[in-house]
Amino acid sequence: MEGMKSNAFLETERVGTLMRKYSIPCIISLVVAALYNIVDQIFIANADYLGSYGNAANTVVFPLTVVALAVAVMIGDGCCAFVSISLGAGRNEDAHRSIGSAILLCLGSSAVLTAVYLLCMDMLLTLFGGRVNEQTFACAREYFFWISLGIPFYMFGQAMNPIIRSDGSPKFAMCATVAGALTNVVLDPIFIFGWFGLPAMGVAGAAIATVVGQIVAMGLGIYFNHKKNHEVSMSFKGFRLNGRIIGEIYKVGVPSIVMQAIGSAMNIGMNKILMSFTAVAVNVFGVYFKLQSFIFMPIFGLNNGMVPIIAYNFGARKKDRM
(Lines give C-alpha, C1' and ligand atoms only; values in the text may rest on other atoms or scores of the structure.)
Protein backbone atom coordinates (compact mmCIF):
# COMPACT_ATOMS: atom_id res chain seq x y z
CA MET A 1 0.00 0.00 0.00
CA GLU A 2 3.00 2.28 0.41
CA GLY A 3 3.10 4.78 -2.44
CA MET A 4 -0.65 4.47 -3.07
CA LYS A 5 -2.47 7.66 -2.12
CA SER A 6 -5.58 7.68 0.02
CA ASN A 7 -7.97 10.67 0.05
CA ALA A 8 -6.69 11.81 -3.36
CA PHE A 9 -9.71 14.09 -3.68
CA LEU A 10 -7.83 16.51 -1.40
CA GLU A 11 -5.46 17.34 -4.26
CA THR A 12 -8.07 17.43 -7.02
CA GLU A 13 -11.32 18.84 -5.64
CA ARG A 14 -11.91 22.61 -5.61
CA VAL A 15 -10.41 24.26 -2.54
CA GLY A 16 -13.62 26.15 -1.73
CA THR A 17 -15.58 22.91 -1.78
CA LEU A 18 -13.02 21.26 0.49
CA MET A 19 -13.12 24.16 2.93
CA ARG A 20 -16.89 23.87 3.22
CA LYS A 21 -16.68 20.09 3.59
CA TYR A 22 -14.10 20.27 6.39
CA SER A 23 -14.64 23.60 8.14
CA ILE A 24 -18.43 23.61 8.57
CA PRO A 25 -18.51 20.28 10.47
CA CYS A 26 -15.48 21.44 12.45
CA ILE A 27 -17.19 24.71 13.44
CA ILE A 28 -20.28 22.78 14.53
CA SER A 29 -18.09 20.35 16.51
CA LEU A 30 -16.33 23.17 18.36
CA VAL A 31 -19.54 25.03 19.15
CA VAL A 32 -21.15 21.83 20.44
CA ALA A 33 -18.03 20.96 22.46
CA ALA A 34 -18.21 24.38 24.12
CA LEU A 35 -21.76 23.53 25.18
CA TYR A 36 -20.54 20.76 27.52
CA ASN A 37 -19.56 23.13 30.29
CA ILE A 38 -22.17 25.78 29.51
CA VAL A 39 -25.02 23.25 29.69
CA ASP A 40 -23.78 22.19 33.12
CA GLN A 41 -23.79 25.82 34.20
CA ILE A 42 -27.32 26.43 32.92
CA PHE A 43 -28.83 23.48 34.76
CA ILE A 44 -26.84 24.14 37.93
CA ALA A 45 -28.07 27.75 37.88
CA ASN A 46 -31.65 26.49 37.87
CA ALA A 47 -31.13 24.26 40.90
CA ASP A 48 -32.29 26.45 43.79
CA TYR A 49 -30.48 24.43 46.43
CA LEU A 50 -27.09 25.06 44.73
CA GLY A 51 -27.40 28.81 44.30
CA SER A 52 -24.44 30.74 42.90
CA TYR A 53 -22.01 28.43 44.70
CA GLY A 54 -22.52 25.62 42.19
CA ASN A 55 -21.86 27.88 39.23
CA ALA A 56 -18.83 29.44 40.91
CA ALA A 57 -17.49 25.92 41.45
CA ASN A 58 -18.06 25.15 37.78
CA THR A 59 -16.11 28.27 36.84
CA VAL A 60 -13.21 27.32 39.12
CA VAL A 61 -12.92 23.84 37.56
CA PHE A 62 -13.30 25.04 33.97
CA PRO A 63 -9.64 26.09 33.36
CA LEU A 64 -8.50 22.72 34.71
CA THR A 65 -10.58 20.99 32.06
CA VAL A 66 -9.03 23.34 29.48
CA VAL A 67 -5.59 22.05 30.50
CA ALA A 68 -6.72 18.51 29.64
CA LEU A 69 -8.23 19.80 26.40
CA ALA A 70 -4.98 21.57 25.49
CA VAL A 71 -2.92 18.39 25.86
CA ALA A 72 -5.46 16.39 23.85
CA VAL A 73 -5.60 19.03 21.11
CA MET A 74 -1.79 19.13 20.98
CA ILE A 75 -1.68 15.39 20.31
CA GLY A 76 -4.71 15.33 18.00
CA ASP A 77 -3.75 18.35 15.87
CA GLY A 78 -0.17 17.18 15.55
CA CYS A 79 -1.25 13.70 14.52
CA CYS A 80 -3.87 15.11 12.14
CA ALA A 81 -1.25 17.16 10.29
CA PHE A 82 1.24 14.27 10.14
CA VAL A 83 -1.39 11.78 8.93
CA SER A 84 -2.49 14.17 6.18
CA ILE A 85 1.09 14.88 5.08
CA SER A 86 1.87 11.17 5.03
CA LEU A 87 -1.25 10.29 3.02
CA GLY A 88 -0.49 13.08 0.56
CA ALA A 89 3.02 11.71 0.08
CA GLY A 90 1.74 8.15 -0.26
CA ARG A 91 3.36 7.05 3.02
CA ASN A 92 0.29 5.23 4.33
CA GLU A 93 2.23 3.11 6.80
CA ASP A 94 3.59 6.23 8.50
CA ALA A 95 0.05 7.57 8.77
CA HIS A 96 -1.07 4.32 10.38
CA ARG A 97 1.82 4.23 12.84
CA SER A 98 1.27 7.83 13.91
CA ILE A 99 -2.22 6.99 15.19
CA GLY A 100 -0.80 4.26 17.43
CA SER A 101 1.80 6.69 18.81
CA ALA A 102 -0.83 9.41 19.33
CA ILE A 103 -3.16 7.05 21.20
CA LEU A 104 -0.38 5.90 23.51
CA LEU A 105 0.64 9.51 24.15
CA CYS A 106 -2.97 10.41 24.92
CA LEU A 107 -3.50 7.47 27.27
CA GLY A 108 -0.24 8.13 29.12
CA SER A 109 -0.88 11.89 29.40
CA SER A 110 -4.45 11.41 30.60
CA ALA A 111 -3.37 8.87 33.24
CA VAL A 112 -0.74 11.27 34.60
CA LEU A 113 -3.12 14.24 34.55
CA THR A 114 -5.88 12.28 36.29
CA ALA A 115 -3.48 11.17 39.01
CA VAL A 116 -2.22 14.73 39.54
CA TYR A 117 -5.77 16.10 39.69
CA LEU A 118 -6.94 13.52 42.23
CA LEU A 119 -3.84 13.68 44.43
CA CYS A 120 -3.49 17.48 44.37
CA MET A 121 -7.18 18.37 44.26
CA ASP A 122 -7.32 20.78 47.22
CA MET A 123 -4.13 22.57 46.23
CA LEU A 124 -5.24 23.01 42.62
CA LEU A 125 -8.73 24.25 43.52
CA THR A 126 -7.20 26.74 45.93
CA LEU A 127 -4.77 27.92 43.24
CA PHE A 128 -7.61 28.36 40.77
CA GLY A 129 -9.76 30.43 43.14
CA GLY A 130 -11.91 27.78 44.79
CA ARG A 131 -11.39 29.08 48.35
CA VAL A 132 -13.66 32.09 47.84
CA ASN A 133 -15.91 30.52 50.51
CA GLU A 134 -16.61 27.11 52.06
CA GLN A 135 -19.73 26.38 50.03
CA THR A 136 -17.99 27.07 46.70
CA PHE A 137 -15.00 24.96 47.71
CA ALA A 138 -17.21 22.02 48.69
CA CYS A 139 -19.11 22.18 45.39
CA ALA A 140 -15.88 22.59 43.39
CA ARG A 141 -14.34 19.58 45.13
CA GLU A 142 -17.37 17.41 44.40
CA TYR A 143 -17.60 18.51 40.77
CA PHE A 144 -13.85 18.24 40.17
CA PHE A 145 -13.63 14.70 41.55
CA TRP A 146 -15.98 13.29 38.93
CA ILE A 147 -14.57 15.44 36.12
CA SER A 148 -11.10 14.14 36.99
CA LEU A 149 -12.28 10.54 36.67
CA GLY A 150 -13.55 11.37 33.19
CA ILE A 151 -10.31 13.00 32.00
CA PRO A 152 -9.07 9.89 30.09
CA PHE A 153 -12.36 9.62 28.17
CA TYR A 154 -12.46 13.37 27.49
CA MET A 155 -8.87 13.54 26.25
CA PHE A 156 -9.18 10.43 24.09
CA GLY A 157 -12.34 11.73 22.41
CA GLN A 158 -10.88 15.19 21.81
CA ALA A 159 -7.62 13.80 20.43
CA MET A 160 -9.43 11.41 18.08
CA ASN A 161 -11.60 14.17 16.61
CA PRO A 162 -8.90 15.82 14.44
CA ILE A 163 -7.42 12.42 13.61
CA ILE A 164 -10.78 11.31 12.19
CA ARG A 165 -10.90 14.53 10.12
CA SER A 166 -7.45 13.75 8.70
CA ASP A 167 -8.84 10.50 7.28
CA GLY A 168 -11.37 12.40 5.22
CA SER A 169 -14.34 12.03 7.59
CA PRO A 170 -15.10 15.46 9.11
CA LYS A 171 -18.83 14.70 9.34
CA PHE A 172 -18.23 11.61 11.45
CA ALA A 173 -16.00 13.63 13.77
CA MET A 174 -18.82 16.14 14.10
CA CYS A 175 -21.41 13.41 14.77
CA ALA A 176 -19.28 11.92 17.57
CA THR A 177 -19.03 15.30 19.31
CA VAL A 178 -22.72 16.10 18.84
CA ALA A 179 -23.77 12.67 20.19
CA GLY A 180 -21.68 13.20 23.32
CA ALA A 181 -23.07 16.68 23.87
CA LEU A 182 -26.68 15.57 23.39
CA THR A 183 -26.11 12.78 25.92
CA ASN A 184 -24.89 15.40 28.37
CA VAL A 185 -27.91 17.64 27.74
CA VAL A 186 -30.37 14.79 28.29
CA LEU A 187 -28.68 13.44 31.43
CA ASP A 188 -27.94 16.78 33.13
CA PRO A 189 -31.47 17.50 34.42
CA ILE A 190 -32.05 13.82 35.24
CA PHE A 191 -28.97 13.62 37.46
CA ILE A 192 -29.02 17.17 38.87
CA PHE A 193 -32.71 17.34 39.78
CA GLY A 194 -33.32 13.64 40.39
CA TRP A 195 -35.91 12.91 37.73
CA PHE A 196 -37.45 9.44 37.18
CA GLY A 197 -36.99 8.47 40.80
CA LEU A 198 -33.25 9.09 40.91
CA PRO A 199 -31.76 11.05 43.84
CA ALA A 200 -30.85 14.70 43.14
CA MET A 201 -27.06 14.66 42.81
CA GLY A 202 -26.40 18.38 42.31
CA VAL A 203 -23.00 19.33 40.92
CA ALA A 204 -21.90 15.68 41.07
CA GLY A 205 -24.80 14.84 38.76
CA ALA A 206 -23.73 17.55 36.31
CA ALA A 207 -20.20 16.16 36.27
CA ILE A 208 -21.35 12.56 35.85
CA ALA A 209 -23.60 13.54 32.93
CA THR A 210 -20.62 15.27 31.31
CA VAL A 211 -18.42 12.20 31.77
CA VAL A 212 -21.06 9.87 30.30
CA GLY A 213 -21.32 12.17 27.26
CA GLN A 214 -17.55 12.06 26.89
CA ILE A 215 -17.61 8.25 27.02
CA VAL A 216 -20.19 8.21 24.23
CA ALA A 217 -18.02 10.50 22.06
CA MET A 218 -14.95 8.37 22.77
CA GLY A 219 -16.84 5.17 21.97
CA LEU A 220 -17.86 6.51 18.57
CA GLY A 221 -14.24 7.48 17.90
CA ILE A 222 -13.10 3.93 18.66
CA TYR A 223 -15.89 2.53 16.48
CA PHE A 224 -14.79 4.67 13.55
CA ASN A 225 -11.19 3.55 13.89
CA HIS A 226 -12.20 -0.11 13.76
CA LYS A 227 -14.14 0.28 10.52
CA LYS A 228 -12.52 -1.51 7.61
CA ASN A 229 -13.37 0.90 4.80
CA HIS A 230 -10.88 3.63 5.55
CA GLU A 231 -7.15 3.98 5.34
CA VAL A 232 -5.67 4.56 8.76
CA SER A 233 -7.68 2.20 10.97
CA MET A 234 -6.50 1.54 14.50
CA SER A 235 -5.02 -1.87 15.27
CA PHE A 236 -2.75 -3.23 17.97
CA LYS A 237 0.23 -3.57 15.64
CA GLY A 238 0.35 0.22 15.39
CA PHE A 239 0.45 0.63 19.16
CA ARG A 240 4.09 1.46 19.70
CA LEU A 241 5.84 4.74 20.32
CA ASN A 242 7.98 6.01 17.47
CA GLY A 243 10.39 8.81 18.38
CA ARG A 244 10.51 10.27 14.88
CA ILE A 245 6.73 10.38 14.57
CA ILE A 246 6.30 11.81 18.07
CA GLY A 247 8.69 14.61 17.13
CA GLU A 248 6.58 15.38 14.05
CA ILE A 249 3.39 15.38 16.14
CA TYR A 250 4.92 17.86 18.60
CA LYS A 251 6.06 20.20 15.82
CA VAL A 252 2.46 21.05 15.04
CA GLY A 253 0.95 20.24 18.44
CA VAL A 254 3.06 22.44 20.73
CA PRO A 255 1.76 25.76 19.31
CA SER A 256 -1.78 24.45 19.89
CA ILE A 257 -1.14 23.77 23.58
CA VAL A 258 0.49 27.20 24.00
CA MET A 259 -2.60 28.95 22.61
CA GLN A 260 -4.88 26.91 24.86
CA ALA A 261 -2.69 27.62 27.87
CA ILE A 262 -2.96 31.37 27.39
CA GLY A 263 -6.73 31.21 27.92
CA SER A 264 -6.31 29.11 31.07
CA ALA A 265 -3.68 31.49 32.46
CA MET A 266 -6.06 34.43 31.98
CA ASN A 267 -8.88 32.53 33.65
CA ILE A 268 -6.70 31.65 36.64
CA GLY A 269 -5.61 35.26 37.06
CA MET A 270 -9.15 36.61 36.91
CA ASN A 271 -10.43 33.98 39.34
CA LYS A 272 -7.68 34.89 41.82
CA ILE A 273 -8.62 38.57 41.59
CA LEU A 274 -12.38 38.00 41.82
CA MET A 275 -12.19 35.53 44.70
CA SER A 276 -11.33 38.48 46.96
CA PHE A 277 -14.88 39.72 46.38
CA THR A 278 -17.69 37.11 46.31
CA ALA A 279 -18.68 33.86 44.65
CA VAL A 280 -21.10 35.90 42.54
CA ALA A 281 -18.18 37.81 40.98
CA VAL A 282 -16.44 34.55 40.06
CA ASN A 283 -19.74 33.23 38.71
CA VAL A 284 -20.37 36.29 36.50
CA PHE A 285 -16.90 36.07 34.99
CA GLY A 286 -17.36 32.36 34.32
CA VAL A 287 -20.58 32.99 32.40
CA TYR A 288 -18.94 35.72 30.31
CA PHE A 289 -15.78 33.70 29.63
CA LYS A 290 -17.77 30.73 28.31
CA LEU A 291 -20.20 32.78 26.24
CA GLN A 292 -17.47 34.82 24.54
CA SER A 293 -15.81 31.60 23.42
CA PHE A 294 -18.65 31.19 20.90
CA ILE A 295 -17.41 34.29 19.08
CA PHE A 296 -14.11 32.60 18.32
CA MET A 297 -15.38 29.11 17.49
CA PRO A 298 -16.07 29.85 13.78
CA ILE A 299 -12.50 31.14 13.40
CA PHE A 300 -11.04 28.11 15.14
CA GLY A 301 -13.26 25.87 13.01
CA LEU A 302 -12.01 27.43 9.78
CA ASN A 303 -8.44 27.01 10.97
CA ASN A 304 -8.85 23.39 12.10
CA GLY A 305 -10.76 22.45 8.95
CA MET A 306 -7.99 23.87 6.81
CA VAL A 307 -5.21 21.79 8.44
CA PRO A 308 -5.88 18.43 6.68
CA ILE A 309 -6.25 20.19 3.31
CA ILE A 310 -2.97 22.12 3.53
CA ALA A 311 -1.09 19.21 5.12
CA TYR A 312 -2.21 16.72 2.47
CA ASN A 313 -1.20 19.02 -0.38
CA PHE A 314 2.09 19.72 1.37
CA GLY A 315 2.79 15.98 1.35
CA ALA A 316 1.66 15.77 -2.29
CA ARG A 317 3.93 18.76 -3.17
CA LYS A 318 0.98 20.74 -4.51
CA LYS A 319 2.24 24.14 -3.39
CA ASP A 320 -0.15 26.09 -5.59
CA ARG A 321 -3.11 24.52 -3.81
CA MET A 322 -1.54 25.22 -0.41
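A residue counts as buried when its relative accessible area is under 20%. The model shown in these figures is predicted.

**Figure 1. Overview of the helical protein chain.** The secondary structure of the protein chain consists of 10 helices and zero strands. Along the sequence, the pattern accordingly reads α-α-α-α-α-α-α-α-α-α. Of the 322 residues in the protein chain, 53% are buried. The chain exposes about 14,000 Å², and carbon and sulfur atoms supply 70% of this area. Among contacts between residues at least 6 apart in sequence, 80% join residues at least 24 apart.

**Figure 2. Close-up of the salt bridge between Lys318 and Glu11.** The whole structure holds two salt bridges. One of them joins the side chains of Lys318 and Glu11, with a distance of 3.9 Å from N to O. Lys318 lies in the segment after helix H10 (279-315) and Glu11 in the segment before helix H1 (15-45), so the pair ties together parts that are 307 residues apart in sequence. Glu11 has a relative accessible area of 14% and is therefore buried, whereas Lys318, at 31%, is partly exposed.

**Figure 3. Close-up of the salt bridge between Asp122 and Arg141.** In this salt bridge, the closest N and O atoms of Asp122 and Arg141 are 2.6 Å apart. Asp122 belongs to helix H4 (residues 121-127) and Arg141 to helix H5 (residues 134-149); the pair, 19 residues apart, links distant parts of the chain. Asp122 is partly exposed, with a relative accessible area of 30%. Arg141 also counts as partly exposed, at 37% relative accessibility.

Key. Residues are numbered from 1 along each chain as its sequence is written. Side-chain values use heavy atoms; hydrogens and water are left out. Helices (H or I, at least four residues) and strands (E, at least two) are DSSP runs, numbered from the N terminus. Buried means under 20% relative accessible area, exposed over 50%, partly exposed in between (1.4 Å probe, protein chains only). Contact means heavy atoms within 4.5 Å. Accessible areas come from the Shrake-Rupley method with a 1.4 Å probe; for residues, only the protein chains shown count as cover. A salt bridge is a side-chain nitrogen of Lys or Arg within 4 Å of a carboxyl oxygen of Asp or Glu.
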